[in-house]
Amino acid sequence: MSTRAGARLWVAQRATAAVLAFCVLVHLATMVFAVRGGLTAHEILERTHGNYAWCAFYSLFVFAAGIHGAIGLRTVASEWLGFRGKAADAAMAAIALAIVFLGLRAVAAVVL
Amino acid sequence: MIRPARSHPGWWAFAVHRVSGVALALFLPAHFLALGTAIQGEAKLETFLRWSEQPLVKVAEWILVTLLAAHLAGGLRLLAIELLPWREWHKTLAALAAGFAVAVGLAFALVR
Amino acid sequence: MKALRVSVWRGGAEGRFEDFEVPRRGSQTVLDAVTYIQRHLDPTLSYRFACRVGMCGSCAMTVNGKPRWTCRTHVDKVATGGRLQVAPLANLPVVKDLVADMREFFDKWARSRGQFRPTATRNDEFAKVRPDSPARREADAGVECIGCGVCYAACDVVKWNRDYLGPAALNRAWTLVNDERDGAKRERLHAVAGDAGCHACHTMMSCTEHCPKKLSPTRSIAGLKRATLALALGGEP
């Protein structure tokens, strides 16, 4: 990986981190408030069904989390498992795609 | 055994950030799959939520929420150190981050 | 006073710890103890030192797990239960016993373009650099480094990523990035970016924690991250 590409991954990690900071704060607040008195599927779906604001929010969350997590795992794999190079970079892309796919599927599940 | 050269706040901040990041990255697909059960209808999601009422699962949930708060706080610390011009109080951000994570963990434990 | 039990690394990468009994003296430093062993107990012990007064950094070793200058480490402060363990600096190949091979440390210094490139000649006026300008303050904060290797030995990223340039090399690069007389800024920022450069630092701050001159390579590396942003975003610095 070229130095410029390495620097770009670093930027992507920080940019998605900033997005996630916002998303996670909203998510934590929602969790703390929503979970009071128990949590039911009905409560969750009531909040999210047909709601385009939540759809947009969670979709953004999913993209940011997929990119951020994949880049992070690449670093951990390189430093702690010695797994680096083209294969590791491909694995990173695959992980990002998998997380985004599963995440968007979950968003669809609660919004549609 | 932790080598003596690692027993300082910055190192602990790194360790918590890495462990929480890996844990969250591993948790995320499971989280998306669980929410995705709503594709099969509200009842399926409700069944999952009832299963998650078990004490061990609730403890795991609490740990994850605390790890999420810790990862967020640690991440904000890094963004401050890396993007803002250096200030001496940046060195104490690790302590603040830990405090935030504990507060969120407590809040979640109290409402659950 | 009870004698000091000192465990000293003997050998190269493969080896073992050997125990010695060293008489305690007032204000004794770890370097004093190692010197006593070599002069009175085992002349085959290899170790480095020079100034012995905390100026040159040659005596850096691992003492009870931490990288330190042995001439500035009082035995009283570190010998818990009358025991000491002395080993060569970590993260570097071992030449023999307590002597580490510093070549990769200085090779990385060169790779991060840690050399000043002049832009003026003897026929030009003296450069007038304001000491209180923000750039000069940043440079001055890191310029006292004497290349002792303690930060390099303390850094876990160096341990886990063999290509990582390391805190000292990056700190030096930062001081030069902030030197308005220097002419190699663009090449230097290219040299310090990427997976082997400043972007690999995780802000563990072991370097800052252990630096005997109280420098903060973490601060310098954070500065390099900001300075290389333009590079990362597709432009040129």
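Two residues are in contact if their C-beta atoms, placed from the backbone, lie within 7 Å. Helices (H or I, at least four residues) and strands (E, at least two) are DSSP runs, numbered from the N terminus. Axes are lines fitted to C-alpha atoms, for helices over the stretch in contact, and angles run from 0 to 180 degrees between N-to-C directions.

The model is predicted; local features need pLDDT of at least 70, side-chain atom pairs count only at pLDDT 80 or more, and totals for chains, interfaces and linings use all residues. Residues are numbered from 1 along each chain as its sequence is written, while chains are lettered from A and ligands numbered from 1 in the order in which they are written.

**View 1. Helix α1 of chain C on its sheet.** Helix α1 (residues 30-41) of chain C lies across β1, β2, β3 (60-63) and β5 (83-87) of that chain. The helix runs at about 90° to β2(C).

**View 2. The open sheet of chain C.** Five strands with mixed pairing follow the order β2-β1-β5-β3-β4 (chain C); two strands pair if DSSP finds at least two bridges between them. From one strand to the next, the twist averages 35°.

**View 3. Strands β1 and β2 of chain C.** Strand β1 (residues 4-11) of chain C and β2(C) run antiparallel and are joined by eight bridges. Gly11(C) stands opposite Gly15(C) in β2(C).

**View 4. Two helices of chain B.** The axes of α1 (residues 9-36) and α4 (residues 93-111) of chain B come within 9 Å and cross at roughly 40°. The two helices are therefore oblique to each other (under 35 degrees is roughly parallel, over 145 roughly antiparallel, 65 to 115 roughly perpendicular, and the rest oblique). Pro9(B), Gly10(B), Trp12(B) and Ala13(B) of α1(B) meet Ala94(B), Ala95(B) and Ala97(B) of α4(B). By class, this contact has six nonpolar, one polar and no charged residues; Ala, Val, Leu, Ile, Met, Phe, Trp, Tyr, Cys and Pro count as nonpolar, Asp, Glu, Lys and Arg as charged, and the others, Gly among them, as polar.

**View 5. Where chain A touches chain C.** The contact takes 11 residues from chain A and 12 residues from chain C. On the chain A side, α1 (3-34) and α3 (52-80) each supply at least two residues, and α1(A) gives the most, with seven. The chain A residues divide into five nonpolar, three polar and three charged.
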